[in-house]
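This briefing is intended for reading beside the sequence and the model. It is arranged by topic.

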Amino acid sequence: MATPKNKFSKDGFEVGASKVPLIVIGQDDFGNTREQLRQNFVEIRKNPDVVRFESKQNQNAKDRGNYLEDGIAHWVSDQLDSLCADPGSVTFSKYTDAYRLSKYKMAASLDGTLTIQGNPIQYNDPQTGITFKLSGNGVCEIKTQGYNDHVTYNHILQLQAQMLVTGFKWGVIGHLGPRLKMQMFVFESHKQIQKKIIERVKDFWRRVEKDTPYPVIAEPTEKVYSDWSNDDKGLTKLT
C-alpha cells in the first residue's frame, strides 16, 4: 500500500468523511489540526509511492470501535426493524468500497447501509420528540465512547458528509456510551450544513494544490458536545 487508506478512501487524493469534521472545525479531539492534515496531503501528493504507516495514536479506542462496530450496527438495524409494519423489514449491509463524490474529491467509507423495505418507518426521536419518516437507504455510523451520553459536532459533521456523498436522506449514529447504554441518534440530510462542508472542502483542496497554509489561529482545545437546549441535537450551531 503506497498511501494510507481510511477504510476505502485514499488520503492525499480524496477527503474521507471522517476527515471532514477536522477540515470544518479546525482541530479534532486528539489535537490534530487541519493545517497538519493539509501538510500531510501535500506530502503524499509529492511522494505518492512512499509507504506510510497508520498512526497508532489512540489505538485502543480505534480497536474498540472496530471490534464492536458490526454488533452495534446489527443492534441498530434490529431496533428499526422492530418498528416496521408487516411485511416490511430493515436490513444492514456493508460495502466493499467507498461511495464517492468526484466533483469535490470526497469519499465516504460507511460502517454500513440500512435499507428499509416496505412502508416508511415512523421513528419517534426520544432526544427531540420529533417524528421522522424513514424510507429507502440510510447511513449507519457507529460510535463507542465511555465518557459521554451524547454525540459530538464531529460525529454530526461526519454523518452529514456521508449523506452528502451517498445522496441518502437520513442516517443513524448507533452510540454505545457509558454503562454500555446504546442509543440511536437519527439525523436527516441538512442542506445548510452540507453547504458549509462543501465550502470548507473546496478551500482545503485549494490550499493543498497551491500549498497555501491555513492562517495561524487559536484552535479550540476542549472537546465540544452538541448543544441540546434547542432540541435539534446541535444542528443550529453548525449552520
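**Strand E9 and its neighbours**

Strand E8 (residues 131-144) and strand E9 run parallel and are joined by six bridges. The model is a predicted one. Within this pairing, Val139 stands opposite Gly171 of E9.

**Burial and pairing of E9**

- Strand E9 covers residues 170-176, and seven of its seven residues are buried, so the strand is largely enclosed by the rest of the structure.
- Burial applies to both faces of E9: Trp170, Val172, Gly174 and Leu176 lie on one side, while Gly171, Ile173 and His175 lie on the other.
- E9 is also joined to E10, in this case by seven bridges and in the antiparallel sense.
- The residue of E10 that stands opposite His175 is Gln183.
- A hairpin is formed by E9 and E10, with five residues between the two strands.
- Arg179, in the turn of this hairpin, has a positive phi of about 60°.
- Leu180 also lies in the loop between E9 and E10, and its phi is positive, at about 55°, although the residue is not a glycine.
- Leu180 has a relative accessible area of 65% and is therefore classed as exposed.

**The protein as a whole**

- Five helices and ten strands are present in the protein.
- The protein has 239 residues, of which 49% are buried.
- Among contacts with a separation of 6 or more, 70% are between residues 24 or more positions apart.
- The accessible surface amounts to about 12,200 Å², and carbon and sulfur atoms account for 50% of it.

**Nonpolar cores**

- The largest nonpolar core has 36 residues, and those that touch the most other members are Val20, Met106, Phe187, Ile197 and Phe204.
- At least two residues of this core come from each of helix H1 (20-25), helix H2 (34-46), strand E6 (106-108), helix H4 (153-166), strand E10 (182-188) and helix H5 (191-210).
- H4 supplies the largest share of the core, with eight residues.
- Apart from this core lies another, of 21 residues, which includes Ile72, Ala73, Val76 and Leu114.
- Leaving aside residues up to four places away in sequence, Ile197 touches Val20, Val24, Met106, Leu157, Gln160, Ala161 and Leu164.
- In soluble globular proteins, nonpolar side chains tend to be buried together.

**The three-stranded sheet**

- Three strands form an open sheet in the order E3-E6-E5, and their pairing is mixed.
- Strand E3 (15-16) and strand E5 (99-101) are the edge strands, each pairing on one side only.
- Two bridges pair E3 with E6 in the parallel sense.
- Gly16 has Ala107 of E6 as its bridge partner.
- Helix H4 packs on this sheet, where it touches E5 and E6, and its direction makes about 105° with that of E6.

**Aromatic pairs**

- The number of aromatic pairs is five.
- Phe41 and Trp205 form a tilted pair, with 5.8 Å from centre to centre and 55° between the planes.
- This pair links distant parts of the chain, since Phe41 belongs to helix H2 and Trp205 to helix H5, 164 residues apart.
- Both Phe41 and Trp205 are buried.
- Tyr95 and Tyr99 form another tilted pair, at 4.7 Å centre to centre and 35° between the planes.
- Tyr95 counts as partly exposed because its relative accessibility is 44%, whereas Tyr99, at 16%, counts as buried.
- Phe41, Phe204 and Trp205 are linked into a cluster by ring pairs.

**Backbone features in other loops**

- The peptide bond that joins Asp86 and Pro87 is cis, with omega about 5°.
- Pro87 is placed in the loop between helix H3 (59-81) and strand E4 (89-93).
- Lys105 is not a glycine, yet its phi is positive, at about 50°.
- The loop between E5 and E6 contains Lys105, and this residue counts as partly exposed because its relative accessibility is 29%.

Terms used
Residues are numbered from 1 along each chain as its sequence is written. This is a predicted model: local features need pLDDT of at least 70, side-chain atom pairs count only at pLDDT 80 or more; totals for chains, interfaces and linings use all residues. Side-chain values use heavy atoms; hydrogens and water are left out. A nonpolar core is a set of buried Ala, Val, Leu, Ile, Met, Phe, Trp, Tyr and Cys residues joined through side-chain atoms within 4.5 Å. Buried means under 20% relative accessible area, exposed over 50%, partly exposed in between (1.4 Å probe, protein chains only). Helices (H or I, at least four residues) and strands (E, at least two) are DSSP runs, numbered from the N terminus. Contact means heavy atoms within 4.5 Å. Two strands pair if DSSP finds at least two bridges between them. Axes are lines fitted to C-alpha atoms, for helices over the stretch in contact, and angles run from 0 to 180 degrees between N-to-C directions. Accessible areas come from the Shrake-Rupley method with a 1.4 Å probe; for residues, only the protein chains shown count as cover. Rings of Phe, Tyr and Trp (its six-membered ring) pair if their centres lie within 6.5 Å; planes under 30 degrees apart count as stacked, over 60 as edge-to-face and the rest as tilted.
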